[in-house]
Amino acid sequence: MTLFTQRLRFIPWLPVYVAVYFLFLYLPILLLPVFSFNNAATTTFPLAGFTTKWYGTLAGNSVMMEAAWNSLIVGISVSLLSTILGICAARAITRYRFRGQRAATGFIMAPLFLPEIIVAVSLLMIVLAMGVELSLFTVILGQTVFCVPYAMSVLVSGFEGFDRSLEEASYDLGETAIGTFRRVTLPVVAPAIVSSLLVTFTISLDEFILAFFLSGTEPTLPVYIWGQLRFAAKLPGVLALGTIMLVASILMLTLAEILRRRTERRTQMAHMLP
Amino acid sequence: MSDRAMIQIEKVSKFYGIYMALDDVSLSIGEGEFFSLLGPSGCGKTTLLRSIAGFETPTAGEIYIDGVPSLALPPNKRPTNMVFQSYAIFPHLDVAENVAYGLKRLKLSPEEEKKRVGDALDMVRLSGLGQRKAHELSGGQRQRVALARALVMRPKVLLLDEPLSALDKKLREEMQVELRTLQKAVGITFILVTHDQYEALALSDRIAVMFGGRIAQIASPKEIYQRPRTRKVADFLGGMNFLNAKVLGEQANAVSVDAARFGAVNLVKPQGFAAASGHVTVGIRPERLRLLWDDDRAPHELTGRIENRAYFGEVTHLTVGIDGLEQPLSMVETNNFGADDLPVGAEIRLAYDPDAFVLLAEDPPVSRV
Amino acid sequence: MTAAAFGAVAETPSPPRRRAWMRSEEARGLAMVSPTFLYALALLFLPVLIVIAYSFWTQNYLDIDRTFTLENYRQALTEPIYRDLFVRSLWISLTVSIVTVVFSYPVAWFISFHGGVHKNLWLFLVTVPCWTSYLLRVMSWKIILGYGGVMNTGLISMGLIDKPVTSLLYNSNAVVITLVHSWAAFAILPIYVSLQKVDRTLIEAARDLGDSRVRAFFRVTLPLSLPGVISAFLIVMIPTVGDYVTPRLVGGKDGVMIATAIQAQFGKGANWPLGAALSVTTMILVSLAAAAVVLALKFTVRRIK
């Protein structure tokens, strides 16, 4: 008995727990690809053999293709818009000190702390109250509100380590404010900006509620998928589509992370002491 | 080095809210001079340097650079260049691109630009490293890049903000020699900000010691070390034995005082001297006291007892108690003759030179708005 | 509120000092932040104001009657169907936030204290599942928990059960599990950040002064990481109360939450004022609940001496 309890103590409980936790995190997203290659219309074990036919059905699906196109337009617009707004805000809070800074930051970050449905409903109301037709444009406006906090987080972490003396050195060497921004600030933080573009694009690509409320007759991919979920027979096709989106998201996020870290290294190195 | 003033600072003050970083500072720095601003952190030396560069705007006063009132000019329009404490090497550019950064605005021909970059890199002994990225450089190399990048602009004044503080001791000493040589070679005004008194002493033509936003003294290294004006300046520049002395008499250029066991001493009278109460503070540097061995004789001797001993390799610091003195004396002996073997408690004799005493003025009270 | 304070700040400088102020750091900071701020003002603050306004109006057959009324709130608070939905939504979001924070804390602790040089990689691995499609993740849980799903077939093949368990899907438990999964990273990140800020020597000092590992954790680490725990709570609890997708997909009849009712008022039901009142009530209730949780947490931690 004592031997047993002694053994118990030697089990590294925390790493085991963390492993189980990660299994819990990853199990669901790993199942999608598994069933998307399964040669059966139902999603049960045991697997019925390998097939790529579900992916084949996607290619000829013009409605889905249109939704994908819509998602692309929305994703690109949202990522550009929210990154530009994120740059302004991140620059303001990392470079300057001003009264109301915390309040302004909290306000901009607020969408993170709100139920998405309420953001969606309120946007829907203001858009319709102003007589604007629901379209991809309204989706872009709405998703941008939602994406700015994420853009800002990514950009702040990139801007934070930025050594102010780099800009001062540039002025000192005769460069103007605009020239300094173009020749020093932008290149140094460029990876963070690209990282923000990728992250916000991914969020926009996967975002459902706002698109659901604001897209009118032009569905994005998640809205399209939502419509398909009612039909059990279409599930494998949706899984195939989901797998493609999943892979795209993971690739973009990985790239974003690599770039974010590159900025961090750069900016930290600039004032790293030997 | 000529007498022409390159930098003229007139009644410059700087407030941060209610905090006074610079308090009515006036000084003049000559063409080709190596000038140091020395003081503890927060004394205003960096603020003053950054005001010359244009990164801080003084609240009052004017700064003339080569005769031009410059406060209204932004940093990029001033004929000054700066070596930053962090070096601020652009991380996305290689060494040559860093050095060429400011030249790009001058629209030189590619050959001319290349030549100037090459010359600048030669000057700081970095030839051949032009293609290196910033993160591939050592601390000393970064420092050289920062120097080359500033000097390539051919500024009238080079500003150095604690440029050696990030280097380790050995490298720092090497760079000090190099910096001095470089300044002699290019012949322009260097203004160095440092909190390291040895660095200031070793490098400068003149030093301004600053406390609390004010200049306490401006003088050559030798004078500022040997003839500090106030107790604080004396203390900041090195060890000093302070004594309370009674004024015996006053002449035009001299004051004679009774320096306790040291007897009557004649001192150089500082400008504007006025003994408030007939008592003054006088000081003598530890190295001006000398141990006397067996048969050594000196015109001025004292006997005492070793209270403490600290071994520093090349020297030994001794604390010597003397009857009739409130404070024990500090002294520094080179370890040639066995000072490091003297036991605590040993009776010793020491010699002093009455001319080595210096009369110290009262420090002005620290003013903070 | 925030907007008013912000506006007042911008007005502060008096005319003679205006030029100096314009060049100042403060002016530049405000100018820089203003595009983003104005965007959020126009598309977040203003819409919320409109929702609040609508909640006091009445839907007539096709148009809106703009006379002030509390009728919508009366309906929202007294009709049993909405009351049940509120209670369930709050209960689920409270459960989800507690479960998420409790289960995530050790992971955040592990990354912060044992993550070594790969902390960033760990954090990245935590966030990846979170940033992939929400809809797909929920769907995946449906596959796992379903009648012929992964869980049931797995348990049968291990011989633990004879026939599939039906109680896994379509109830509030399924909603809780799915939401906990969705919000894991949102809990781990703030806790991790606050744990990173804990000065390690403080823990060593506690150990040096005689605390066991566990006691040092409860007396030093936990109280110092409380800000992270609180923001983790808020960032999970408030958004989950209005979750729409999860209850619809895995909640079944017993797992319906308030978002479904809100959505219905903007769809077929078409009673915007009622929908607005439901939204506002949801926000108020969840804010109160969150405040209560935060106070309880602070109180509990303060009790540890």
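This is a predicted model: local features need pLDDT of at least 70, side-chain atom pairs count only at pLDDT 80 or more; totals for chains, interfaces and linings use all residues.

Let me start with a question: is helix 8 of chain A, residues 164-172, enclosed by the rest of the structure or exposed? In it, 7 of the 9 residues of helix 8 of chain A are buried, so the helix is largely enclosed by the rest of the structure. The buried ones are Ser165(A), Leu166(A), Glu168(A), Ala169(A), Ser170(A), Tyr171(A) and Asp172(A). After helix 8 of chain A comes Gly174(A), which has a positive phi, near 100 degrees.

Now chain A as a whole. Chain A has 12 helices and 0 strands. Along the principal axes, the C-alpha atoms of chain A fill a box of roughly 75 × 70 × 35 Å. Even so, 53% of the 274 residues of chain A count as buried. Taking the contacts in chain A with a separation of 6 or more, 80% are between residues 24 or more positions apart.

Next, the contact with chain B. On the chain A side there are 20 residues, and they are in contact with 24 residues of chain B. Helix 8, helix 9 (177-206) and helix 12 (235-270) of chain A each supply at least two residues of that side. Which helix gives the largest share? Helix 8 of chain A again, with 6 residues. By class, the side of chain A that touches chain B has 11 nonpolar, 4 polar and 5 charged residues.

On to chain B. Its domain assignment gives domain 1 (32-41 + 77-226), domain 2 (231-280) and domain 3 (286-355). The C-alpha centres of domain 1 and domain 2 of chain B are 39 Å apart. What contact there is involves 7 residues of domain 1 and 5 residues of domain 2 of chain B. On the domain 1 side, strand 9 (206-211), strand 10 (214-219) and helix 7 (221-226) of chain B each supply at least two residues. That side divides into 5 nonpolar, 2 polar and no charged residues.

Strand 10 takes us to the sheet. Chain B has an open sheet of 6 strands in the order 6-7-8-3-9-10, with mixed pairing. Strand 6 (80-83) and strand 10 of chain B stand at the edges with a single partner strand each, so one side of each has no neighbour in the sheet. Direction ignored, neighbouring strands of this sheet are turned by 20 degrees against each other on average. Within the sheet, strand 7 (residues 157-161) and strand 8 (residues 189-194) of chain B pair in the parallel sense over 5 bridges. Leu158(B) stands opposite Phe190(B) in strand 8. Helix 4 (residues 139-151) of chain B lies across strand 6 and strand 7, running at about 175 degrees to strand 6.

Is Leu49(B) buried or exposed? It is buried, with 21 other C-beta atoms within 10 Å. Setting aside neighbours within four places in sequence, Leu49(B) is in contact with Leu37(B), Leu159(B), Asp161(B), Ile191(B) and Val193(B). From Leu49(B) to Ile63(B), 14 residues apart in sequence, the C-alpha to C-alpha distance is 11 Å.

That's where I'll stop.

Technical notes: Residues are numbered from 1 along each chain as its sequence is written. Chains are lettered from A and ligands numbered from 1 in the order in which they are written. Helices (H or I, at least four residues) and strands (E, at least two) are DSSP runs, numbered from the N terminus. A residue is buried if 20 or more other C-beta atoms lie within 10 Å of its own, exposed if 12 or fewer, and partly exposed in between; C-beta atoms are placed from the backbone. Two residues are in contact if their C-beta atoms, placed from the backbone, lie within 7 Å. Domain bounds come from an automatic or database domain assignment. Ala, Val, Leu, Ile, Met, Phe, Trp, Tyr, Cys and Pro count as nonpolar, Asp, Glu, Lys and Arg as charged, and the others, Gly among them, as polar. Two strands pair if DSSP finds at least two bridges between them. Axes are lines fitted to C-alpha atoms, for helices over the stretch in contact, and angles run from 0 to 180 degrees between N-to-C directions.
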